[in-house]
Each structure stands twice: as C-alpha cells, then as structure tokens.
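Dear colleague,

Please find below the structure that I am handing over to you. My notes on it follow directly after.

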Amino acid sequence: MEKKLQSFLEKTFEPYGAFPSRADVMQEMRVNLQEKYADLKGQGMGDKEAYEATIESFGDIAEIMEQLPHGTADEPAARRASKAKFKMVSLKEVDLGDSNLSTANFSGSDIAGTSFDNSNMTGAVMMGANAKNTSYVNTNLTDAKFGASNLQYARFNKANLTRTTFSASALKEVKFTDAVLLDTLFSRCDMGGVAFDNLTLDGVAFEATSLKGVTFKGATITNVSFHHSEVKHANFDGATMDKVTYAILQGAKANLQNVTVATS
C-alpha cells in the first residue's frame, strides 16, 4: 500500500514540475496518507474501501497549486525573474525583517532560514516554497497563503494569522506561541509536534489534517472544525471549548476527560 500511495502522490504532483519543497512535501503527505489509511483499516474497512477513502480525503491538489510556477530549477534566471519579483529565487538565510512585503509572492522559492520578523506580509503567497526554519515572529500574515511548502521548524510566535491558509504543507515542529489564530485554515497538512497550548483558536478549521502528537493544552477553542482530521491523536488536556466544538470532538472519539465546556 505504501508504494500505491507513493504512486498516487507522484501522479498528483507531476504537472507541477520540480519546485524546491517537492521532495519534503511529498514525504510528509505520504506519511499523512499512510496514517489515514491505517486508521481506516483499524475501523474495519477493507483494503479497497480504505484506500479510496484515503485518496478522497486528500482533496483537489489543483486548488492548492493553482498559483505555483510550473518552471523548473534549471529555468533561465531572466525568465524566472520576469514572472514575479520573488518567484523561483534563492533567499536562504536572508534577514528580511521589518519589511513591507504585502502581497509579495515567494512561490517556488528557496527561502530556508530566512527571517521575516516584524514585517507586514498581508496577502503574501508562498506556493511550493522551501521555507524550512523560516521566522515570522510578530509578523502580520493576514490573508496570506502557504501551499505545498516545507515549513518545518518555522516560527510564527506572536504572528497575526487571521484568515491565513496553510494547504498541503509540512508543519512539523512549527511554533505558534502567542499567535493570533482567527479563521485560520489548515488543510491537508502534517502538523506532528505542533503545540497550540494556552492559545485562543476562534473559527479555525482543520481539514483532512494529521493531528498526531498535536497539543491543545489549556487552549480556548471556539467554533473550530476538525473535518476529516484524526482528533483522537490530539491532546486537549485542560482546554476550554464551546458546546458545538465539544460535541464534534466527542463524536470523533477525542479524549475530552479534562476539558471544560463554556456555558455561554
């Protein structure tokens, strides 16, 4: 089944060429799909039924990748530069802190280790970027879009993530300490090791996202959805949530033994 899922991913990403984060993102997505398949099998589904349900949960990659440049890393620099100011460029370990990068497009770029601390990045776009170990401390990322990007070990401490979208991206060990999470979307992401402890999540949506090892300890959770996400692997110890969210999580067999349900 591992080979079958790998083949599915290779076919899915084939139209988008060789972008910097492709290998890392595909690996994270494969692990995510394998975990989903194993969970469905554990629920009693047969091989074919579990595979089809797993693939269906992945969704339409075209919606995520529509802004991804289709060129390759070998494309002439002049041609790449003509597409957009920051597309398909290398900005590894650069200090771009305190900058106005509103609506900037870093799609297909290698920006590993770059700092965007204290910047304005409202409406910024990062599709297919290698953004491993990047830093967005105290950065305004309202309406920003991250898709098919490697964001492992990134830091979003104190960042404004209002209506920010994370799609099909690797988010292992990402830090969200004191971040603003309002109407934020996490879709088809691998979030292993992420902590939302003591944060307020309002209108946040987790869609077909791996929550294995994710913690919400002491968090305040309001109007949060967990569509096709494996909440039983998450830790909600000490969290406070509204009745609707509690009912959704309870139906999904999450461990809610030490959870407080808000009365109003």
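Lys3 and Lys11 are exposed residues on the face of helix 1 turned away from its buried side. Here, exposed means over 50% relative accessible area, buried under 20%, and partly exposed in between, with a 1.4 Å probe and protein chains only. The model is a predicted one: local features need pLDDT of at least 70, side-chain atom pairs count only at pLDDT 80 or more, and totals for chains, interfaces and linings use all residues. Residues are numbered from 1 along each chain as its sequence is written, and side-chain values use heavy atoms, with hydrogens and water left out.

The buried residues of helix 1 include Leu5, Phe8, Leu9, Thr12 and Phe13. They line one face of the helix, because its buried residues fall within an arc of 120 degrees when seen down the axis of helix 1; the arc is that of the directions from the helix axis to the C-beta atoms. Helices (H or I, at least four residues) and strands (E, at least two) are DSSP runs, numbered from the N terminus.

Two loop residues also deserve mention. Asparagine 133, in the loop between strand 1 (125–127) and strand 2 (145–147), has a positive phi, near 65 degrees, without being a glycine. Its relative accessible area is 38%, so asparagine 133 is partly exposed. Alanine 168, in the loop between strand 3 (165–167) and strand 4 (181–182), also is not a glycine and has a positive phi of about 45 degrees. With a relative accessible area of 0%, alanine 168 is buried.

With kind regards
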